Amino acid sequence: MQVISPNRIRELLTDHALKAGIVDVDGSPLRFTPHDFRRIFSTETVNGGLPIHIAAKLLGHLDLNTTQAYVAVYPEEVIRHYRQFVDQRRTHRPSVEYRDPSDTE
C-alpha cells in the first residue's frame with residue numbers, strides 16, 4: 001500500500017483548488033489542509049442533524065468541548081435544530097398541551 005505524506009496531500013489540495021479557481025474574498029487562492037476537511041465534516045454532519053456525541057466518537061474526541069470547537073454553528077442552524085427538537089417532542093405529547101395562549105395568559 002502506498003502512503004501519501006501530509007505535505008503531498010496539502011500540495012494536491014492546493015493544486016486542485018488553483019485549477020478549480022477557488023479563491024478567497026480578496027481574490028487570493030484558498031489553501032486547504034487535511035484538517036480543514038475534518039472541520040468541514042464535523043460542521044456538516046452536526047448541522048445536518050448528527051448528535052454531537054456521535055460526531056465526537058467519529059472524530060476520536062474524548063471531550064465534547066473539543067468537538068464543539070470544531071463545529072461552526074450558525075444562528076439559523078441553532079434555530080432550525082431547536083424547532084426540529086420542539087416539533088419532535090410535540091409528537092409525543094397530547095396536542096391539547098400545545099394550544100395558543102389566551103389573551104389573559
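F41, I54 and L58 together make a nonpolar surface patch of about 270 Å². Patches of this kind group nonpolar side chains (Val, Leu, Ile, Met, Phe, Trp, Tyr) within 5 Å, or like charges within 9 Å, from residues with over 30% relative accessible area and no salt bridge; areas come from the Shrake-Rupley method with a 1.4 Å probe, and for residues only the protein chains shown count as cover. The model is a predicted one, in which local features need pLDDT of at least 70 and side-chain atom pairs count only at pLDDT 80 or more, while totals for chains, interfaces and linings use all residues. Residues are numbered from 1 along each chain as its sequence is written, and side-chain values use heavy atoms, with hydrogens and water left out.

F41 is classed as partly exposed because its relative accessibility is 37%; buried means under 20% relative accessible area, exposed over 50%, and partly exposed in between, with a 1.4 Å probe and protein chains only.

Confidence may be considered next. pLDDT, the predictor's confidence in each residue on a scale from 0 to 100, has a mean of 83 over the chain, with 94% of residues at 70 or more. Helix α3 has the highest confidence, at 90, and helix α5 (residues 75-90) the lowest, at a mean of 76.

H61 occupies the loop between α3 (52-59) and α4 (64-70). With a relative accessibility of 13%, H61 counts as buried. Its side chain forms a polar contact of 3.4 Å with that of R38; such a contact is a pair of N or O atoms within 3.5 Å, where within protein one must be able to donate a hydrogen and the other to accept it, and residues adjacent in sequence count only if both atoms are side-chain atoms. Beyond its neighbours within four places in sequence, H61 touches R38, A56, T66, T67 and Y70, contact being heavy atoms within 4.5 Å.

One salt bridge is counted, the term requiring a side-chain nitrogen of Lys or Arg within 4 Å of a carboxyl oxygen of Asp or Glu. The partners are E11 and R8, at 3.1 Å from N to O. About one helical turn separates E11 and R8, because they are three residues apart in helix α1, residues 6-20. E11 is partly exposed at 43% relative accessibility, and R8 is partly exposed at 37%.

Notes:
Helices (H or I, at least four residues) and strands (E, at least two) are DSSP runs, numbered from the N terminus.
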